[in-house]
Structure formats: structure tokens, C-alpha cells
Amino acid sequence: MDRIEIEGGTGLKGNVRISGAKNAALPVMAASILGPGENIILNIPLLRDITTMGKLLAHLGMGYHQEDDEAILQSENITSIEAPYDFVKTMRASVLVLGPLLARTGEAKVSLPGGCAIGARPINLHIMGLEKMGARINLSEGYIHAKAKKLKGATIYFDMPTVTGTENLMMAATLAEGETLLENAACEPEIIDLANALISMGADIEGAGTGIIKIKGVTGLRPLHYKIIPDRIETGTFLTAAAITEGDVTIDNCDPVHTESFISKLRETGSEITHNSSTITVKGPARPNSEDIKTMPYPGFPTDMQAQFMTLMTIAEGTSLITENIFENRFMHVAELKRMGADIKIEGATAKVKGVEFLKGAPVMATDLRASASLILAGLAARGTTVIDRVYHLDRGYEKIEAKFKQLGAKIRRIKE
Ligand code: EPU
């Protein structure tokens, strides 16, 4: 397994270009199932999760080819309706093929994702929604087997907003008979991006980005040719990297509107931030102030930035309370940060972080994607050398991460197995 070694203490300086959003690209790739023909996706990041989704679509009979930030998906023929366990256990987002496969072929068999490092993450709301649309669902031997000759429009209320649940049902509803209302739908920018991609294929969707999405079923969709939005979590991670190293960094090719809640919080901790429509410049403070955060569905503070923000707070002046409201086990990075000298106590869903003057380099272990990013940030800020093990988590969601940090002057290198 590869490791990443960082010699901390360098203030990051320069420009970095943000890649396309992983969590927007994955559902848009799944949406290509709905438009028979040649689907072209632009600004797609080169990541392990994207390759996994490509391989899964190829397993379903589609052609998949990616060169740099462009992917071509040929979906004339769907020859299998099954997403096997091997794919789903590698990447939970594989479940995104459930809605489009069922809508296009009348049948889908998708392995049930198990729990993961950050929580149990059930998919009961995806299943409830498809049942409301008339699908017959059989759960056996670890698989969801769904059948429906033709899905029917329905009113579906989510007990809590779910990102991939909203995406799965929005895709399924595009080809259903009649109108579907998704109530208490997730409002993340990735939902709007998927809706825009589907609309470009001929779907009739209104309200994406609000809590109520209306989808009128159509008889068929054409292939897509679509450019993915920039990754707001990668953007937030680089913002934090500048903030934690007293750096001066300009982030290009991003959408500042999507990172508003994060920018506000970062400003309160002492960073100077300016932006125009697609770039953000951040100057980090000599030492950040402490600030509390609570993770919430969009437009609240994103759970995918909780670990990175907590790392910033480990060296802040004062004490900060970090409350995780989305996932029940998303504090795996705490034990690793403590090994680097952080002072953190967990009480239920809240971590109390008492800022220390500096972190000290140590060998640490990545446990999930965003926890890995937080350890990189800790390593960049720490005195001495940090070696992060199990960086394959990082490769799932951050494109060319060491190259991008190196470009900003970080002393970082990958140690190949
Ligand atoms: N939930 C249910 N039942 C369901 C679905 C969700 O109880 O049927 C619960 C979950 O257990 C969780 C909450 O609802 O407590 C929200 O989960 P959600 O379904 O929104 O998460 P997701 O769709 O599985 C996506 C992102 C995650 C991100 C979350 C929250 C993708 C591919 N994944 O997951 O991204 O953390 O939304 O914003 O879009 C990451 O990129 O590192 C990552 C984990």
C-alpha cells in the first residue's frame, strides 16, 4: 500500500486548479444508462471511484473510455441488470445504477451496500421511493431485486434529505408514467448538476436545489454531452490547506457559491478571503481563532469538510465544538490527530477541540476519504515528518493530490509500495 510523507511547516503559495466534482460525476455517469447512444462527460476527475463506476457500467454492457477529463460512455446496449457485490463493496455510490437501470430495462439487481467506516448508511429511503413508484422489490441474499414494467409517478417524502437517494429517484422518475414529487429532497449542488444533465437529455424536471423537486415522466431520453461542476469539497480542502499553513493561495476553476458556508466559517477563524465568479484567494492567519461548527445538509456546513475543519481547529487559539449531525461515526480521524498532539475529547456527536500551539509529525493511518484529507492538512501544518498510511482512500476522491500540493510548495512525496 502506498504511503504519503510530508515534511510540515511550509506556508503554501501559488495557484491550484480544482477538478470536476466526484459526487456530481458519479450520478451523471449513472444517468448515461438512460440515454441510449454515445454519452460524453467533460470535466470528469481522474479518480479511483470514477474508474470503479466506469467498470461497473462496462459490466452492464456499456462502453467506457476516459482520457484526461473526458469520458465517453456508449449505452446502446445494456446486457446485464446486475451490480455485483464486488463493485458495491468497493464503492457505495454503485447503488446509483439502481434507479436508471430499473427505469430503462424494467429490472435491476443491485448488491446491498453494507455499513462503512463513517456510519451504517442504510438505503431504505431509496427502496421506499421505488416501491411508491410501483416497483416490486425483493431483498434476498444480500441483493435488492427490483422489477417494474413501467414505473409510475408518485409523491415521495424523505424522512431526511438523502443525496444519492434523491438522485436515484430523480433518475428513475424521468422515464416514469406521470408526475413524481420528491419532498424534503436534498438540495446539494450535485443534485442540481444531475438535474441539469438530465434536462439536457430531454427530461422534464423543476425545483432541483430546493426541497421539492417535480419530475414529469417522458417517453425517452437522448444521450448526454455535459460538463461537470467543480468539486466543492476539493475546493474547501485547499482553502483549509492555505489557512492552516499561513499560506497565500489562489484556487482556480471553482464555484465560490457552492462553498459559501465554509468560506464564512473560515473568515471567522481569521483567514482573509476574496473571490470572483470562479477563483478564490485565501491568506491564512498567523494562528486561527476557534469557531464552532455543526454539520448540516446543504446549504449548511458540509459533513465532507468536518474532518478538515477540525484539523484547522487543533491549532486554533481557544476551544471549538465540532458537532457531526449527518453520520454517526465520522470521528475516525480524531485518534490519529491525537497521535500528532491534538487535544480532542469526544462527547456523543460533539468533539471538543482545545487548540494547541503546534502539531507534531507522526506516522498515522487514513481511515476514509475525508479523514485522509484531514491528515494531509495536519501533516502540512505539523513540525517534523508525518507519514500517512493507507492513502488508497485518498486516491478515491482527490485527483493528483501530491502534485497539486507540491505545486504550492509543500514538501510532500508518495512512497510507493
Ligand atoms: N440515510 C438513511 N436512509 C437512506 C439514505 C440515507 O437513513 O435511505 C441517512 C444516512 O445514514 C445519513 C443521512 O441519511 O445519516 C444522509 O446520507 P445521504 O444519503 O445523504 O448520503 P449519501 O448519499 O450516501 C452522499 C455523498 C457523501 C456525503 C453525503 C452527505 C455521494 C456519492 N456521496 O452520500 O460523500 O458525505 O452525501 O453529504 O454523493 C464523500 O465524498 O466522502 C462522501 C462520503
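What is the distance from an oxygen atom of the ligand to an N or O atom in the side chain of Thr162? The separation is 2.7 Å. This is a predicted model, in which local features need pLDDT of at least 70, side-chain atom pairs count only at pLDDT 80 or more, and totals for chains, interfaces and linings use all residues. Residues are numbered from 1 along each chain as its sequence is written, and side-chain values use heavy atoms, with hydrogens and water left out.

**The ligand site**

The ligand is surrounded by 21 residues. Leu125, Thr162, Thr164, Asp304 and Ile326 are the closest. A residue belongs here if one of its heavy atoms lies within 4 Å of the molecule. By class, the shell holds 10 nonpolar, six polar and five charged residues. Ala, Val, Leu, Ile, Met, Phe, Trp, Tyr, Cys and Pro count as nonpolar; Asp, Glu, Lys and Arg count as charged; the others, Gly among them, count as polar.

| Side chain | Distance to a ligand oxygen atom |
|---|---|
| Arg121 | 2.9 Å |
| Thr162 | 2.7 Å |
| Thr164 | 2.6 Å |

On its own, the ligand has 840 Å² of accessible area, and the protein covers 87% of that. Accessible areas come from the Shrake-Rupley method with a 1.4 Å probe; for residues, only the protein chains shown count as cover.

Four helices, H1 (22-31), H5 (124-132), H6 (163-174) and H12 (369-381), each supply at least two residues of the shell. H5 gives the largest share, three residues. Helices (H or I, at least four residues) and strands (E, at least two) are DSSP runs, numbered from the N terminus.

H1 is largely enclosed by the rest of the structure, because nine of its 10 residues are buried. Buried means under 20% relative accessible area, exposed over 50%, and partly exposed in between (1.4 Å probe, protein chains only). The buried set in H1 includes Lys22, Pro27 and Met29.

**Pocket and cavity**

The second largest pocket holds about 300 Å³ of space. Its lining has 19 residues, with Ile244, Glu246, Ala286, Ile315 and Ala381 nearest the centre. Helix H8 (232-244) and H12 each give two or more residues to that lining. By class, the lining has 11 nonpolar, four polar and four charged residues.

One cavity of 30 Å³ or more turns up in a search of the whole structure. The largest cavity has a volume of about 30 Å³. Arg232, His258, Thr259, Phe262, Pro302 and Met305 line the largest cavity.

On a 1 Å grid over the protein atoms alone, a cavity is a set of points where a 1.4 Å probe fits but cannot get out; a pocket is an open set with protein on both sides within 12 Å along at least five of seven lines; lining residues have an atom within 4 Å of a point. Grid points are joined across faces, edges and corners, and a volume is the space filled by probe spheres set on the points.

Asp193 sits in helix H7 (residues 189-200). Its relative accessibility is 3%, so Asp193 counts as buried.

Ser75 lies in the loop between strand S5 (70-74) and strand S6 (82-83). Ser75 counts as buried because its relative accessibility is 0%. The side chain of Ser75 makes a polar contact of 3.0 Å with that of Asn39.

How values were computed. Polar contact = N/O pair within 3.5 Å; in protein donor to acceptor, adjacent residues only side chain to side chain.
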